[in-house]
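Hello,

Here is the structure I promised to pass on.

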Amino acid sequence: MRSLGFSVGTCSPPNEQRKSRFLVNNTLSKAEAIINLRKKQKVSDPELSFVQSASCGRREAIIGFGFCVGFVDNVSALAAETSSCEFSVSPSGLAFCDKVVGYGPEAVKGQLIKAHYVGKLENGKVFDSSYNRGKPLTFRIGVGEVIRGWDQGILGSDGIPPMLTGGKRTLKIPPELAYGDRGAGCKGGSCLIPPASVLLFDIEFIGKA
């Protein structure tokens, strides 16, 4: 799992430390610029909270821990995702919102692809995450190996554009395109996903497997 994009207590050669320090300073300056712009515009964005805490810890990040370049990658990616995102709803009831549009080819029906994801209920409770398992989900898209909301939300359907490789999209999936009235993970009268649940999935399309 790469939820922490740095190594604590890992020492690098002096030249590499100087390079990393420059990259961190440069990236954090860009992140701070985004924060200041948002403050002037009086825009509230919960995703800025991590950027703010990261920039406040500039000295600690450089001197106290000796972060690796992976930290820079995470902050850069985060800065690209700070813009607000509103759901667009298709006629089927499936809603989507792109955090990152992506840069590579779209998936093709029947293709074996890889994707990371976090699945949540409407109340925000996480019921599954590929990041926690340390590897993306590999499946064949568009042939019923996953719930219909995933097939439609990744391939594109009913006015929803297809995801591109490298893209990050949040899907809001109605019960009829998910697990319906049966729910999922039910045992002893309780269900991990209760019947008739609307589900939220944060999906990162990595590409073909």
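Tyr117 is buried, with a relative accessibility of 6%, where buried means under 20% relative accessible area, exposed over 50% and partly exposed in between (1.4 Å probe, protein chains only). Please keep in mind that this is a predicted model, in which local features need pLDDT of at least 70 and side-chain atom pairs count only at pLDDT 80 or more, while totals for chains, interfaces and linings use all residues. Residues are numbered from 1 along each chain as its sequence is written, and side-chain values use heavy atoms, with hydrogens and water left out.

Back to the aromatic residues. The structure holds 5 aromatic pairs; rings of Phe, Tyr and Trp (its six-membered ring) pair if their centres lie within 6.5 Å, and planes under 30 degrees apart count as stacked, over 60 as edge-to-face and the rest as tilted. One of them is the edge-to-face pair of Tyr117 and Trp150, with 5.3 Å from centre to centre and 85° between the planes. This pair links distant parts of the chain, since Tyr117 sits in strand S3 (residues 112-121) and Trp150 in helix H6 (residues 148-155), 33 residues apart. Helices (H or I, at least four residues) and strands (E, at least two) are DSSP runs, numbered from the N terminus. Trp150 counts as buried too, because its relative accessibility is 4%. Tyr117 and Trp150 belong to one aromatic cluster together with Phe127, Phe139 and Phe201.

Next, the charged side chains. There are 4 salt bridges, a salt bridge being a side-chain nitrogen of Lys or Arg within 4 Å of a carboxyl oxygen of Asp or Glu. Three of them are described here:

- Asp202 and Lys120 meet through their side chains at 3.1 Å, N to O. The pair links distant parts of the chain, with Asp202 in strand S9 and Lys120 in strand S3, 82 residues apart. Asp202 is partly exposed at 25% relative accessibility, and Lys120 is partly exposed at 23%.
- Lys172 forms a salt bridge with Glu122, and their closest N and O atoms are 3.8 Å apart. Lys172 lies in strand S6 and Glu122 in the loop between S3 and strand S4 (126-129), so this pair ties together parts that are 50 residues apart in sequence. Lys172 is partly exposed at 31%, whereas Glu122 counts as exposed at 52%.
- Asp128 and Arg133 have a salt bridge between their side chains, at 2.6 Å from N to O. Asp128 is partly exposed, with a relative accessible area of 25%, and Arg133 is partly exposed at 46%.

Which cysteines are joined by a disulfide? The link runs from Cys186 to Cys191, with 1.9 Å from S to S. The count comes to 1 disulfide, by the rule that a disulfide is a pair of cysteine sulfur atoms within 2.5 Å. The link is right-handed, with 105° about the S-S bond. Cys186 is partly exposed at 40% relative accessibility, and Cys191 is partly exposed at 27%.

Ser90 is found in the loop between strand S1 (88-89) and strand S2 (95-100), and it counts as buried because its relative accessibility is 7%. The side chain of Ser90 makes a polar contact with the side chain of Ser92 at 2.9 Å. A polar contact is a pair of N or O atoms within 3.5 Å; within protein, one must be able to donate a hydrogen and the other to accept it, and residues adjacent in sequence count only if both atoms are side-chain atoms. Not counting residues up to four places away in sequence, Ser90 touches Asp158 and Ile160, contact meaning heavy atoms within 4.5 Å.

Asp158 leads on to the backbone. Most residues other than glycine have a negative phi. The phi of Asp158, however, is positive, near 50°. Asp158 is placed in the loop between H6 and strand S6 (168-173), and it is partly exposed at 46% relative accessibility. Ala196 also has a positive phi, near 60°. Ala196 is in the loop between strand S8 (190-193) and strand S9 (199-208), and it is partly exposed at 44%.

Best wishes
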